[in-house]
Amino acid sequence: MLNISKKEHCSTKSAYAIRMSAILLALVTASLFLLVLGYNPIEVYKGLLRGAFGTEHRIKETIIKTIPLVITSVGIGLAFKMKFWNIGAEGQIIMGAFAATYFALNFSGLPKGVLLPIMMIAAVIAGGIWAFIPAFFKAKYKTNETIFTLMLNYIALGWITYLQYGPWKDPNAFGFPKIPNYGPSATLPQVFGIHMGWIIALIIVIGMHLFINYTKKGYEITVIGESESTARYAKIPVDKLMMKMLFVSGGIIGLTGMIQASAVSRTLSVDITGGIGFTAIITAWLAGLKAPLMIIVCFLFSIMLSGASYIQTAFQIPQAAAEVLQGLILFFVLGSEFFIKYRIKITNTLFYKNREV
């Protein structure tokens, strides 16, 4: 008989030991999967690292993949701290990119030093509003934020699709449904060969760490996450604080949309997110909602993404097989979180309606 009980405390050393065991087990299982497919696992793993660090260009690409993941993870982490399940990062990224694109296309004559800050502010406001809407309805009418934020993703995606195939369609694209590219004044400059989004990401991580750990509002957010009833008893304005913080959360995520549109794709399209909004949920959770740890987790995740793309071409591994490989590693790593929080005992005692038999 399996008896599952919640652990009162799991030391940091034990938690890391469990996570490392999960990674090793994932690599062993993935190796068996590769052997069945007829590949040498050692060579594939070497290829995975070559894909992420093999050349200077690949290293830069890995860092460029890390930047949006870090910023989005921080935004999601702020909402999750209050037990507000913000699954709408995809929509918030899209709306941030949409607002930035509006100014990029209609005010392209402005100097870069003026236009870029306007685009950033617009992206923050648009992303913030997109997250504020479900927070408002949850505070006022107790709606389910998981479903609400998820549905808003599809509305945002439908809106961009309409623009791409309709009013914003580039007349010079020979009928191809695309939105015009940004002008030079609307593109983020590079610092050390990588767009300056990495500086923005570092500022956001440091700012969030200080905010959560060294301010009164940060403490109140932590209390709400621990127990909403306790927070209300302590006279913390839960609903108002939740709405404000969700605006901030969505604003940070909306900034990701501006950075991706301005520095990476140089335009807006329905593929602007690339699944970052969903991936960041995993990275934020794996980092324990701690902003500094998100940099490490997102970087490791980006190594896996870059490496998986490389081994597809280098080893002719089908895309589906590469995705199974990623899924196996994620399955074990995420599964390890269960063993950090719960204890499993095998007993001979049966439990029936809270009574031992």
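Me: Is Lys142 buried or exposed, and what value settles it?

Reply: Let's take the cut-off as our guide: a residue counts as exposed when its relative accessible area is over 50%. Lys142 has a relative accessible area of 58%, so Lys142 is exposed. Keep in mind that this is a predicted model.

Me: Where does Lys142 sit, and what is its phi?

Reply: Lys142 belongs to the loop between helix H5 (112-141) and helix H6 (145-165). Its phi is near 55 degrees, a positive value in a residue other than glycine.

Me: Which loop holds Lys235, and how does its backbone read?

Reply: Look between helix H9 (228-233) and helix H10 (238-265), where the loop carries Lys235. Here phi is near 65 degrees, again positive in a residue that is not glycine. With a relative accessible area of 74%, Lys235 is exposed too.

Me: Now for the other end of the scale. Is Thr273 buried or exposed?

Reply: The general idea is that buried means under 20% relative accessible area. Thr273 comes to 6% relative accessibility, so Thr273 counts as buried. Thr273 is also a loop residue, found between H10 and H11.

Me: Which residues does Thr273 touch, leaving out those up to four places away in sequence?

Reply: Thr273 touches Glu90, Ile93 and Ile94 on that count.

Me: What about Glu220: buried or exposed?

Reply: Glu220 has 9% relative accessibility, so Glu220 counts as buried. Glu220 lies in helix H8 (residues 216-226). Beyond residues up to four places away in sequence, Glu220 touches Ile236 and Leu241.

Me: How should I read the buried residues of a helix, and which are they in H11?

Reply: Start with the geometry: an α-helix has 3.6 residues a turn, so residues three or four places apart point the same way. In helix H11 (residues 276-286), the buried residues are Ile276, Gly277, Ala280, Ile281, Thr283, Ala284 and Leu286.

Me: What do those buried residues of H11 pack against?

Reply: Their partners are helices: helix H1 (12-37), helix H3 (56-81), helix H4 (89-106), H10, helix H12 (291-314) and helix H13 (319-341). Just after H11 comes Gly288, with a positive phi of about 70 degrees.

Me: Let's zoom out. What does the whole chain contain, and how much of it is buried?

Reply: The protein chain has 13 helices and six strands. Buried residues account for 45% of its 357 residues. The accessible surface comes to about 18,600 Å², with 67% of that belonging to carbon and sulfur atoms.

Me: What does the radius of gyration say about the overall fold?

Reply: Compare the value with that of a compact globule. For 357 residues such a globule would be near 21 Å, and the protein chain has 22 Å, which agrees. Along the principal axes, the C-alpha atoms fill a box of roughly 75 × 60 × 35 Å. For contacts between residues at least 6 apart in sequence, 76% join residues at least 24 apart.

Me: Which domains are assigned, and how many Å separate their centres?

Reply: The assignment gives domain 1 (12-36 + 322-344) and domain 2 (69-299). Their centres, taken over C-alpha atoms, are separated by 29 Å.

Me: And how many positive and negative side chains are there?

Reply: The protein chain has 30 positive and 15 negative side chains, and the centres of these two sets lie 5 Å apart.

Note on methods
Residues numbered from 1 in each chain as written. Predicted model: local features only at pLDDT ≥ 70, side-chain atom pairs only at ≥ 80, totals over all residues. Heavy atoms only, no water. Helix = DSSP H or I, 4+ residues; strand = E, 2+ residues; numbered from the N terminus. Rg over C-alpha atoms; globule rule 2.2 N^0.38 Å. Buried < 20%, exposed > 50% of the residue type's maximum accessible area, 1.4 Å probe, protein only. Contact = heavy atoms within 4.5 Å. Areas by Shrake-Rupley, 256 points an atom, 1.4 Å probe, with all protein chains shown as cover. Lys, Arg positive; Asp, Glu negative; His and termini not counted. Charge placed at Lys NZ, Arg CZ, Asp CG, Glu CD. Domains from an automatic or database assignment.
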